[in-house]
Amino acid sequence: PYHTQEWYENEAKNYDKLAMFTRYPKTEQEALTSAKDLCRFDVASLQELINDAKTWQPLEVRQNGIIKIYKRPVAGRRYYFTIDSSEGSGDPAVGVVFEDAGQTVEEVAEFCGKIGVDEQARIAWDLYREYNEAYCAPERNNDGRRLVEKLQGFGVKNFYYDHKDIKREKPGWWTTAPNRGFMLGELADSISRKDIRLHNPAALEQFFYFVRTDRKPEGEATKGSNDDYVMATAMALQIRKSMPSGEGVTVYHGQYRG
(Lines give C-alpha, C1' and ligand atoms only; values in the text may rest on other atoms or scores of the structure.)
Protein backbone atom coordinates (compact mmCIF):
# COMPACT_ATOMS: atom_id res chain seq x y z
CA PRO A 1 0.00 0.00 0.00
CA TYR A 2 2.84 2.45 0.67
CA HIS A 3 4.15 1.98 -2.89
CA THR A 4 2.65 5.26 -4.00
CA GLN A 5 3.74 7.18 -7.09
CA GLU A 6 5.68 9.56 -4.84
CA TRP A 7 7.44 6.61 -3.18
CA TYR A 8 8.22 5.07 -6.56
CA GLU A 9 9.69 8.31 -7.92
CA ASN A 10 11.85 8.62 -4.81
CA GLU A 11 13.15 5.05 -5.22
CA ALA A 12 13.86 5.71 -8.90
CA LYS A 13 16.50 8.23 -7.86
CA ASN A 14 18.61 5.39 -6.50
CA TYR A 15 18.31 2.84 -9.33
CA ASP A 16 18.57 2.82 -13.09
CA LYS A 17 15.56 1.93 -15.24
CA LEU A 18 16.44 -1.75 -15.48
CA ALA A 19 16.78 -2.13 -11.73
CA MET A 20 13.40 -0.46 -11.18
CA PHE A 21 11.76 -2.90 -13.59
CA THR A 22 13.25 -5.82 -11.69
CA ARG A 23 12.93 -4.60 -8.09
CA TYR A 24 9.58 -2.84 -8.22
CA PRO A 25 7.37 -4.13 -11.04
CA LYS A 26 4.25 -2.05 -11.60
CA THR A 27 2.24 -4.77 -13.33
CA GLU A 28 1.85 -8.52 -13.18
CA GLN A 29 3.57 -8.80 -16.56
CA GLU A 30 6.60 -6.91 -15.26
CA ALA A 31 6.69 -9.14 -12.17
CA LEU A 32 6.74 -12.34 -14.22
CA THR A 33 9.20 -11.17 -16.84
CA SER A 34 12.82 -10.14 -16.50
CA ALA A 35 13.86 -6.65 -17.59
CA LYS A 36 15.87 -8.05 -20.46
CA ASP A 37 12.84 -9.94 -21.76
CA LEU A 38 10.57 -6.92 -21.38
CA CYS A 39 12.69 -4.41 -23.25
CA ARG A 40 12.30 -4.26 -27.04
CA PHE A 41 15.96 -3.32 -27.43
CA ASP A 42 19.23 -4.90 -26.31
CA VAL A 43 19.72 -3.59 -22.78
CA ALA A 44 23.49 -4.07 -22.66
CA SER A 45 23.91 -2.01 -25.83
CA LEU A 46 21.55 0.64 -24.49
CA GLN A 47 23.59 0.94 -21.32
CA GLU A 48 26.76 1.44 -23.36
CA LEU A 49 25.03 4.13 -25.41
CA ILE A 50 23.87 5.87 -22.23
CA ASN A 51 27.36 5.76 -20.77
CA ASP A 52 28.66 7.39 -23.95
CA ALA A 53 25.91 10.02 -23.85
CA LYS A 54 26.88 10.96 -20.30
CA THR A 55 30.27 12.11 -21.60
CA TRP A 56 28.58 14.82 -23.68
CA GLN A 57 27.31 18.21 -22.62
CA PRO A 58 25.34 20.58 -24.87
CA LEU A 59 27.43 23.30 -26.46
CA GLU A 60 24.42 25.59 -26.10
CA VAL A 61 21.02 25.45 -24.42
CA ARG A 62 18.23 27.72 -25.66
CA GLN A 63 14.71 28.64 -24.56
CA ASN A 64 15.06 27.42 -20.97
CA GLY A 65 16.29 24.00 -21.99
CA ILE A 66 13.84 23.24 -24.79
CA ILE A 67 16.61 23.36 -27.42
CA LYS A 68 20.01 21.68 -27.02
CA ILE A 69 22.87 22.05 -29.48
CA TYR A 70 25.51 19.30 -29.35
CA LYS A 71 27.47 19.97 -32.55
CA ARG A 72 27.57 23.13 -34.65
CA PRO A 73 26.53 22.94 -38.31
CA VAL A 74 29.31 22.60 -40.86
CA ALA A 75 29.03 24.26 -44.26
CA GLY A 76 28.36 21.75 -47.02
CA ARG A 77 27.47 18.94 -44.65
CA ARG A 78 24.09 17.19 -44.93
CA TYR A 79 21.67 16.83 -42.03
CA TYR A 80 18.29 15.20 -41.56
CA PHE A 81 15.60 16.23 -39.14
CA THR A 82 12.78 14.09 -37.73
CA ILE A 83 9.95 15.42 -35.56
CA ASP A 84 7.47 13.59 -33.35
CA SER A 85 4.88 16.32 -32.89
CA SER A 86 2.18 16.73 -30.23
CA GLU A 87 -0.52 19.16 -29.17
CA GLY A 88 1.76 20.32 -26.37
CA SER A 89 -0.46 19.62 -23.37
CA GLY A 90 0.15 15.87 -22.99
CA ASP A 91 3.22 14.22 -24.46
CA PRO A 92 6.17 16.47 -25.28
CA ALA A 93 7.02 17.28 -28.87
CA VAL A 94 10.48 16.06 -29.89
CA GLY A 95 12.60 16.99 -32.88
CA VAL A 96 16.10 15.63 -33.48
CA VAL A 97 18.65 16.78 -36.08
CA PHE A 98 21.06 14.08 -37.21
CA GLU A 99 24.30 14.30 -39.14
CA ASP A 100 24.89 12.28 -42.29
CA ALA A 101 28.02 10.48 -41.05
CA GLY A 102 28.39 7.21 -42.94
CA GLN A 103 26.93 4.24 -41.07
CA THR A 104 26.53 6.14 -37.81
CA VAL A 105 23.32 7.98 -36.98
CA GLU A 106 24.54 10.83 -34.77
CA GLU A 107 22.48 13.52 -33.10
CA VAL A 108 23.68 17.11 -33.41
CA ALA A 109 20.72 19.08 -32.00
CA GLU A 110 17.27 18.58 -30.55
CA PHE A 111 14.20 20.22 -29.13
CA CYS A 112 11.87 18.73 -26.55
CA GLY A 113 9.00 20.31 -24.66
CA LYS A 114 5.28 20.48 -24.02
CA ILE A 115 4.82 23.29 -26.49
CA GLY A 116 2.10 24.11 -28.99
CA VAL A 117 2.30 23.44 -32.71
CA ASP A 118 2.99 27.12 -33.52
CA GLU A 119 6.07 27.16 -31.29
CA GLN A 120 7.18 23.77 -32.60
CA ALA A 121 7.02 25.18 -36.11
CA ARG A 122 9.08 28.26 -35.24
CA ILE A 123 11.76 26.18 -33.52
CA ALA A 124 11.84 23.62 -36.33
CA TRP A 125 12.10 26.38 -38.95
CA ASP A 126 15.09 27.91 -37.17
CA LEU A 127 16.87 24.57 -36.81
CA TYR A 128 16.05 23.63 -40.41
CA ARG A 129 17.79 26.76 -41.69
CA GLU A 130 20.65 26.55 -39.19
CA TYR A 131 21.52 23.00 -40.27
CA ASN A 132 21.80 23.66 -44.00
CA GLU A 133 18.10 23.17 -44.76
CA ALA A 134 18.09 19.74 -43.17
CA TYR A 135 16.12 16.97 -44.88
CA CYS A 136 12.92 17.25 -42.88
CA ALA A 137 10.41 14.57 -41.87
CA PRO A 138 7.73 15.51 -39.36
CA GLU A 139 5.52 12.53 -38.55
CA ARG A 140 2.27 13.28 -40.39
CA ASN A 141 0.04 11.32 -38.01
CA ASN A 142 -2.38 13.39 -35.91
CA ASP A 143 -0.90 16.81 -35.01
CA GLY A 144 1.96 16.35 -37.44
CA ARG A 145 -0.17 17.38 -40.39
CA ARG A 146 -0.74 20.79 -38.85
CA LEU A 147 2.98 21.11 -38.22
CA VAL A 148 3.77 20.22 -41.83
CA GLU A 149 1.37 22.89 -43.07
CA LYS A 150 2.95 25.52 -40.83
CA LEU A 151 6.46 24.56 -41.94
CA GLN A 152 5.35 24.82 -45.56
CA GLY A 153 4.06 28.31 -44.76
CA PHE A 154 7.45 29.28 -43.31
CA GLY A 155 9.18 28.09 -46.47
CA VAL A 156 10.52 24.60 -45.73
CA LYS A 157 11.08 22.84 -49.05
CA ASN A 158 13.50 20.00 -48.33
CA PHE A 159 10.87 17.53 -47.10
CA TYR A 160 10.92 13.76 -47.08
CA TYR A 161 8.28 12.20 -49.35
CA ASP A 162 7.36 8.54 -49.49
CA HIS A 163 8.59 6.97 -52.73
CA LYS A 164 4.97 6.11 -53.60
CA ASP A 165 3.98 9.79 -53.43
CA ILE A 166 5.08 10.51 -57.00
CA LYS A 167 3.27 13.87 -57.10
CA ARG A 168 4.84 14.88 -53.79
CA GLU A 169 1.55 15.93 -52.26
CA LYS A 170 2.10 14.68 -48.70
CA PRO A 171 5.41 15.73 -47.17
CA GLY A 172 6.56 14.02 -43.99
CA TRP A 173 6.61 10.50 -42.59
CA TRP A 174 3.37 8.55 -42.20
CA THR A 175 3.57 5.77 -39.60
CA THR A 176 1.38 2.76 -40.40
CA ALA A 177 0.96 -0.61 -38.69
CA PRO A 178 3.13 -2.43 -41.28
CA ASN A 179 5.97 0.09 -41.45
CA ARG A 180 5.98 0.63 -37.69
CA GLY A 181 7.08 -2.95 -37.09
CA PHE A 182 9.71 -2.72 -39.81
CA MET A 183 11.21 0.57 -38.63
CA LEU A 184 11.36 -0.58 -35.00
CA GLY A 185 13.04 -3.79 -36.10
CA GLU A 186 15.72 -1.83 -37.95
CA LEU A 187 16.12 0.45 -34.94
CA ALA A 188 16.64 -2.59 -32.69
CA ASP A 189 19.34 -3.87 -35.06
CA SER A 190 21.03 -0.48 -35.08
CA ILE A 191 21.06 -0.31 -31.29
CA SER A 192 22.55 -3.80 -31.07
CA ARG A 193 25.35 -2.65 -33.39
CA LYS A 194 25.65 0.59 -31.38
CA ASP A 195 25.73 2.67 -34.54
CA ILE A 196 23.36 5.35 -33.27
CA ARG A 197 24.53 8.17 -31.01
CA LEU A 198 22.06 10.22 -29.02
CA HIS A 199 23.83 12.66 -26.73
CA ASN A 200 20.98 13.10 -24.25
CA PRO A 201 20.98 10.30 -21.61
CA ALA A 202 17.37 11.06 -20.68
CA ALA A 203 16.38 10.46 -24.31
CA LEU A 204 18.00 7.04 -24.34
CA GLU A 205 16.28 6.07 -21.10
CA GLN A 206 12.98 6.12 -23.01
CA PHE A 207 14.22 3.05 -24.88
CA PHE A 208 14.29 1.02 -21.66
CA TYR A 209 10.56 1.63 -21.17
CA PHE A 210 9.74 0.56 -24.71
CA VAL A 211 8.57 -3.04 -24.33
CA ARG A 212 6.91 -5.86 -26.22
CA THR A 213 3.26 -6.40 -25.33
CA ASP A 214 0.48 -8.71 -26.47
CA ARG A 215 -1.22 -5.70 -28.04
CA LYS A 216 1.90 -4.52 -29.85
CA PRO A 217 4.51 -7.26 -30.11
CA GLU A 218 6.76 -4.91 -32.09
CA GLY A 219 6.93 -2.71 -28.97
CA GLU A 220 5.28 0.26 -27.29
CA ALA A 221 5.95 2.61 -24.38
CA THR A 222 4.81 1.40 -20.99
CA LYS A 223 1.99 3.29 -19.30
CA GLY A 224 3.20 6.66 -18.08
CA SER A 225 6.25 6.65 -20.36
CA ASN A 226 6.92 8.39 -23.68
CA ASP A 227 8.27 7.10 -26.98
CA ASP A 228 9.06 10.41 -28.73
CA TYR A 229 12.82 9.89 -29.03
CA VAL A 230 12.31 6.24 -29.94
CA MET A 231 10.06 7.11 -32.87
CA ALA A 232 12.12 10.12 -33.97
CA THR A 233 15.23 7.91 -34.16
CA ALA A 234 13.37 5.11 -35.92
CA MET A 235 12.14 7.61 -38.52
CA ALA A 236 15.67 8.94 -38.97
CA LEU A 237 16.95 5.49 -39.94
CA GLN A 238 14.28 5.31 -42.62
CA ILE A 239 14.47 8.76 -44.18
CA ARG A 240 18.28 8.72 -44.42
CA LYS A 241 17.83 6.06 -47.12
CA SER A 242 16.30 8.70 -49.39
CA MET A 243 18.46 11.72 -48.58
CA PRO A 244 19.15 13.83 -51.68
CA SER A 245 22.75 13.32 -52.73
CA GLY A 246 23.20 16.91 -53.85
CA GLU A 247 23.88 15.70 -57.37
CA GLY A 248 20.35 15.50 -58.69
CA VAL A 249 19.87 11.90 -57.60
CA THR A 250 17.78 10.65 -54.71
CA VAL A 251 18.07 7.23 -53.09
CA TYR A 252 14.78 5.48 -52.36
CA HIS A 253 14.99 2.39 -50.18
CA GLY A 254 18.32 1.38 -51.69
CA GLN A 255 17.34 2.11 -55.31
CA TYR A 256 18.41 5.12 -57.36
CA ARG A 257 15.82 7.27 -59.04
CA GLY A 258 16.46 10.48 -60.92
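Predicted model: local features only at pLDDT ≥ 70, side-chain atom pairs only at ≥ 80, totals over all residues.

**A helix pair up close**

Analyst: Happy to! The axes of α6, spanning residues 117–130, and α7, spanning residues 144–154, cross at roughly 50° and come within 9 Å. As for the hand of this crossing, α6 and α7 make a right-handed one.

Now to the residues that make the contact. From α6 come Val117, Asp118, Gln120, Ala121, Arg122, Ala124 and Trp125. Their partners on the α7 side are Arg146, Leu147, Lys150, Leu151 and Phe154. Sorted by class, the contact of α6 with α7 holds seven nonpolar residues, four charged ones and one polar one. Gln120 is the polar member, while the charged members are Asp118 and Arg122 of α6 together with Arg146 and Lys150 of α7.

For some context, the protein chain that holds this pair has ten helices and eleven strands. It runs to 258 residues, of which 48% count as buried. Among contacts in the chain with a separation of 6 or more, 63% link residues 24 or more positions apart.

Another helix worth a glance is α5, residues 43–53, where Val43, Ser45, Leu46, Leu49, Ile50 and Ala53 are buried. Viewed down the axis of α5, these buried residues fall within an arc of 155°, so they line one face of the helix.

Notes
Residues numbered from 1 in each chain as written. Heavy atoms only, no water. Axes fitted to C-alpha atoms, helices over the stretch in contact; angles between N-to-C directions. Helix = DSSP H or I, 4+ residues; strand = E, 2+ residues; numbered from the N terminus. Left-handed = near helix turned anticlockwise from the far one by under 90°. Contact = heavy atoms within 4.5 Å. Buried < 20%, exposed > 50% of the residue type's maximum accessible area, 1.4 Å probe, protein only. Arc of directions from axis to C-beta.
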